[in-house]
Amino acid sequence: MSDFIQEVNKRRTFAIISHPDAGKTTITEKLLLFGNAIKMAGTVKGKKSGRMATSDWMAMEQDRGISITTSVMQFPYNGRMVNLLDTPGHEDFSEDTYRTLTAVDSCLMVIDGAKGVEDRTIKLMNVCRMRETPIFTFVNKMDREVRDQIEVMDEIESILKIDCAPITWPIGMAKSFKGVYNLYTDTIHVFQPGKGHTIPDDVRIQGLESDEAKELLGDYHEEFVDEIELVRGASHEFDMEEFMAGQQTPVFFGTALANFGVREMLYYFTEWAPGPLPRPTENREVEPSEEKFSGFIFKIQANMDPKHRDRIAFMRVCSGKYTRNMKMKHVRIGKDIKIADAVTFMAGDREQVEEAVSGDIIGLHNHGTIQIGDTFTQGEELKFTGVPHFAPELFKRVRLKDPLKMKQLQKGLQQLSEEGATQLFMPQRNNDLILGAVGVLQFDVVLQRLKDEYKVDAIYEHVNVNTARWVECSDNKMLEDFKRKNVENLAIDGGGHLTYLAPTRVNLSLAEERWPDVKFRNTREH
Ligand code: GDP
């Protein structure tokens, strides 16, 4: 096997999906600890909320001279190279999260053991299901009073429509939490309390029927043996094929806060989670083993470093190898560009890596020419598919406080919409600028960023739009006819696509009925 293929096969690229407060940040921190990317966990936690803000990460980066960004964290474990992609943590679900999920090969679902399946997890799982992404599951907070875990498993199965294959099972909970039992190796991993900030000793007891096990469990032993029998009967046996098809999830238990059970999960994750998977393009599937470089942009983020006001375009490498100073073709524009200074994301005190292979993420400095969904290759005319745009559900009209700043406003909105921070619509019948969002928070972020980055004070006004659909029609004559008769409702979006803005759902239904051969799409691929 070539060195290149060996490197590719080591990659495990994933994201964590969870409802806010389930423990994503905490588990991320523990994963970095195991990956030797940080020396001690817990020291970087935000004050009150327990949540790490971007600035905390950056402060941490400066303090320790290590290169961690919130967006991508790369670290080695168990002979693999793990790429963990962060998804925005705020209450709103955002398009960024969805697009990040197009760049991974698997996901880790974190569930709060006391709360079970929550709202946001359902939404995110729906996205994973569209792409049949393999899912690992970690049920968190076993150090607290949690629910009956058989019930939680039932909930995962019935609500999320995925079979559960518990690999470990918790022994007790809260104050009487004793550890986790591995159903496949008949091993007890003994809980070491008070070791939340460091890597705990790996204390094991072999055999649930051993004297040591009986001693550890005491009166609870008999009951636990019965429970395990029940669990085995009520759950599925792990099946690699079903896992790879996204139909079954291996389930692990523990507590991220006390750093227990995470290592057991991470070990199996690096063993079972898929390496880089092939990616579809309009023309063909691209195999990660192909030596020619290719990749697509799934996210653009502004001002990661406040000192350099540049924007970083995040690219998933789909084939081949990135090396410093290489030339890539920016397919949409049809230009070859030399990439001298892509950002790589190795966490920890290591030297800056100058190479990236299939499965890795690199960051390109973007001066405005790169858009979400763009494909880069070594010459081939390819276009990766599947990076979605979602029809917004919320709309506002933007008004300037100072009308002389129109140019800056337009530039700002154009750039923010390229980034995916918001969607911009320009109606055909007037000069309004209408913003669309999937979640309310997006609007606040846009106003703030217009002010900070473009020095424009803007305000929002109500606009009579309820929903938007991207319009397509293969019959040109009909399309022209449609355009003529619907000027009132048509707009061009930030990417130049024709869009139908409907004031009400009823209006949309009527339009769809009247124009059966016109397609009204609620997602658009970049
Ligand atoms: P996120 O919103 O999913 O990133 O959640 P965080 O990692 O910020 O955790 C939310 C809260 O739950 C914080 O106060 C954490 O300290 C707490 N937490 C996380 N994991 C555990 C755990 O295993 N046990 C307990 N008791 N609390 C936890």
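This is a predicted model: local features need pLDDT of at least 70, side-chain atom pairs count only at pLDDT 80 or more; totals for chains, interfaces and linings use all residues.
Reader: How do the axes of helix 2 and helix 10 cross?
Author: The axes of helix 2 (residues 24–34) and helix 10 (residues 262–272) cross at roughly 70° and come within 10 Å. Axes are lines fitted to C-alpha atoms, for helices over the stretch in contact, with angles from 0 to 180 degrees between N-to-C directions. Helices (H or I, at least four residues) and strands (E, at least two) are DSSP runs, numbered from the N terminus.

Reader: Ok, which residues of helix 2 and helix 10 meet?
Author: Ile 27, Lys 30, Leu 31 and Phe 34 of helix 2 meet Val 262, Arg 263 and Leu 266 of helix 10; contact requires C-beta atoms, placed from the backbone, within 7 Å.

Reader: Switching to the sheet: what's the strand order?
Author: The order is 2-3-1-4-5-11-6, an open sheet of 7 strands with mixed pairing. Strands pair if DSSP finds at least two bridges between them.

Reader: And which strands are at the edge?
Author: Strand 2 (72–77) and strand 6 (163–166), each pairing on one side only.

Reader: How many bridges join strand 1 to strand 4?
Author: 5 bridges join strand 1 (residues 11–18) to strand 4 (residues 106–112), and the two run parallel. Phe 14 stands opposite Ser 106 in strand 4.

Reader: Where does helix 6 lie?
Author: Helix 6 (residues 149–160) lies across strand 4, strand 5, strand 6 and strand 11 (248–253), at about 145° to strand 6.

How values were computed. Residues are numbered from 1 along each chain as its sequence is written. Two residues are in contact if their C-beta atoms, placed from the backbone, lie within 7 Å.
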